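I opened this model to look up its helices, cores and charge pairs. These are my notes.

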Amino acid sequence: MSIPKTVKVLLFSSGVSGLLFIARALSLGSTDYWYLNWNLFLAWLPLLFSYLAIRYVTKHGWLHPKGLLLIALWLAFLPNSFYIATDFIHLLESPASSLLFDTVLILSFTFNGFLLGYLSILPIHSLLIRRLRPTRAHITIAGTFLLCSFAIYLGRYLRWNTWDIVSNPLGLLFDVSERFINPSSHEQTFRTTALFFVLISTFYVVLWQLRTEKIHTTLKPTKGS
């Protein structure tokens, strides 16, 4: 079975990020940013689950248990695609001599993470539009971005990760419920969630608009120009 061209391009782009990491590790003798590779691996999982979910849901419907499980797995791992953007905070620890390189390194991984996340969302969004009214489909996707933004806060500040949903659900539930029971004591929760919601949803709106309007056709020169 041949690999789709889109996947090949994504693998190439992720490979470039990996090579940048290797170049830094060899030149500085340090693997300080090793976790970027793990985060990028996690960012690939939503794309895989999205592909499997779309195939299954198209054949068997949304309410089949396996289809629901695949959608749940997609949603659980999706925040990892956007979480990489928080790794820019580690630039504070970078030496001045490698600061520019480290910025490009993290930007490369962040770009790939966002790209993988958005490409996992687009087909699900399109499928929702065929099943629901467009407004409801858009609201569902907006709610997904809101959940992702909250999950990014949980990961960066409270150090929860996707695996904790299974390994420590009660502890995770306690921390989440505490933020809503006493919102005035956790202003950072809502500031961070709102900040990332604006960031990732704005990028997606632009991507969605470009996709739906097929901007490359509008830029095609007219006869006589």
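I am working on a predicted model, where local features need pLDDT of at least 70, side-chain atom pairs count only at pLDDT 80 or more, and totals for chains, interfaces and linings use all residues. Residues are numbered from 1 along each chain as its sequence is written, and side-chain values use heavy atoms, with hydrogens and water left out.

**Helix H1.** I started with H1, residues 5-28. Helices here are DSSP runs (H or I, at least four residues), numbered from the N terminus. H1 has 24 residues and reaches 35 Å from first C-alpha to last, close to the expected 34 Å. The expected span is 1.5 Å times one less than the number of residues. Next I listed its buried residues (under 20% relative accessible area; exposed is over 50%, partly exposed in between; 1.4 Å probe, protein chains only). They are Leu-10, Ser-13, Ser-14, Ser-17, Gly-18, Phe-21, Arg-24 and Ala-25. These residues pack against H2 and H5. Just after H1, Gly-29 takes a positive phi of about 65 degrees.

**Cores.** I then looked up the nonpolar cores: buried Ala, Val, Leu, Ile, Met, Phe, Trp, Tyr and Cys residues joined through side-chain atoms within 4.5 Å. The largest has 31 residues. Those with the most contacts inside it are Trp-74, Phe-82, Tyr-118, Ile-121, Phe-145, Ile-200 and Tyr-204. H2 (35-60), H3 (65-77), H4 (79-83), H5 (99-131), H6 (134-157) and H9 (187-213) each supply at least two of its residues. H5 gives the largest share, 7 residues. I also noted a second, separate core of 15 residues, with Leu-40, Ile-84, Ile-106 and Phe-109 among them.

Which residues does Phe-82 touch, leaving aside its neighbours within four places in sequence? I find contacts (heavy atoms within 4.5 Å) with Phe-114, Gly-117, Tyr-118, Ile-121, Phe-145, Cys-148, Ile-152 and Ile-200.

**Salt bridges.** I searched the whole structure and found 4 salt bridges. The criterion is a side-chain nitrogen of Lys or Arg within 4 Å of a carboxyl oxygen of Asp or Glu.

- Arg-24 meets Asp-102 at 2.5 Å, N to O. The pair links H1 to H5, 78 residues apart. Both Arg-24 and Asp-102 are buried.
- Arg-156 pairs with Asp-87, closest N and O atoms 3.0 Å apart. Arg-156 lies in H6 and Asp-87 in the loop between H4 and H5, so the pair ties together parts 69 residues apart in sequence. Arg-156 and Asp-87 are both buried.
- Arg-191 pairs with Glu-187, closest N and O atoms 3.5 Å apart. They sit 4 residues apart in H9, so about one helical turn separates them. Arg-191 is exposed, with a relative accessible area of 52%.

**Loop and surface.** Last, I checked the loop between H6 and H7 (164-167), where Arg-159 lies. Arg-159 has a positive phi of about 65 degrees although it is not a glycine. Most residues other than glycine have a negative phi. At 53% relative accessibility, Arg-159 counts as exposed.

Trp-163 has its place in the loop between H6 and H7 too. At 45% relative accessibility, Trp-163 counts as partly exposed. With Trp-34, Trp-38 and Phe-41, Trp-163 makes a nonpolar surface patch of about 500 Å². For such patches, residues need over 30% relative accessible area and no salt bridge, and nonpolar side chains (Val, Leu, Ile, Met, Phe, Trp, Tyr) are joined within 5 Å, like charges within 9 Å. Accessible areas come from the Shrake-Rupley method with a 1.4 Å probe.
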